[in-house]
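Have a look at the model first, then try each task before reading its solution.

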Amino acid sequence: MAAEGVGEVASKEQLTAAQKQLLRKRQDLDYWKKNALKIRSRNRITGLAIGAFVIGMFSYTILSVKQERIMEDIDNEAKINYIRGPRTGTNS
């Protein structure tokens with residue numbers, strides 16, 4: 001049994017680049033399997049926070065535009081100028 005343990009250690013030290021890459025991929029896969037629920041819940045919370053921000057900003061923008069009376073003021077000024085007529089040298 002001791003010989004098998006030594007053989008395993010020696011084989012781990014003499015891994016090729018492809019074997020090392022495969023070992024890293026397996027470790028990454030194990031990490032993602034282990035932490036998938038935690039990561040998924042964090043992603044959901046982040047998505048909900050971003051969505052709430054976007055909806056809030058959109059709602060605020062729509063409400064603030066509804067409260068502005070700029071277009072009505074411009075229309076009233078245009079009506080007054082139209083009634084007065086064009087400015088010429090005789091009536092200015």
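Residues are numbered from 1 along each chain as its sequence is written, and side-chain values use heavy atoms, with hydrogens and water left out.

**Exercise 1.** Find where confidence is lowest and where it is highest in the chain.

Solution. Start with pLDDT, the predictor's confidence in each residue, from 0 to 100. Its mean over the chain is 80, and 74% of the residues reach 70 or more. Next, go by element: helix H1 (residues 2-13) has the lowest mean, 54, and H2 the highest, 91. Where pLDDT is low, the predicted coordinates should not be read in detail.

**Exercise 2.** Describe the secondary structure, then the segment at residues 45-63.

Solution. Take DSSP runs numbered from the N terminus, with helices (H or I) of at least four residues and strands (E) of at least two. The chain has three helices and zero strands, in the order α-α-α. An unreviewed UniProt entry annotates residues 45-63 as "transmembrane region"; such annotations may be inferred rather than shown by experiment. In the model this segment is 100% helix, with its end C-alpha atoms 27 Å apart.

**Exercise 3.** Is Tyr60 buried or exposed?

Solution. Apply the cut-offs for relative accessible area: buried is under 20%, exposed over 50%, and partly exposed in between (1.4 Å probe, protein chains only). Tyr60 lies in helix H2 (residues 17-67) and is exposed, because its relative accessible area is 59%. Across the 92 residues of the chain, 1% count as buried.

**Exercise 4.** Classify the one aromatic pair.

Solution. Rings of Phe, Tyr and Trp (its six-membered ring) pair if their centres lie within 6.5 Å; planes under 30 degrees apart are stacked, over 60 edge-to-face, the rest tilted.
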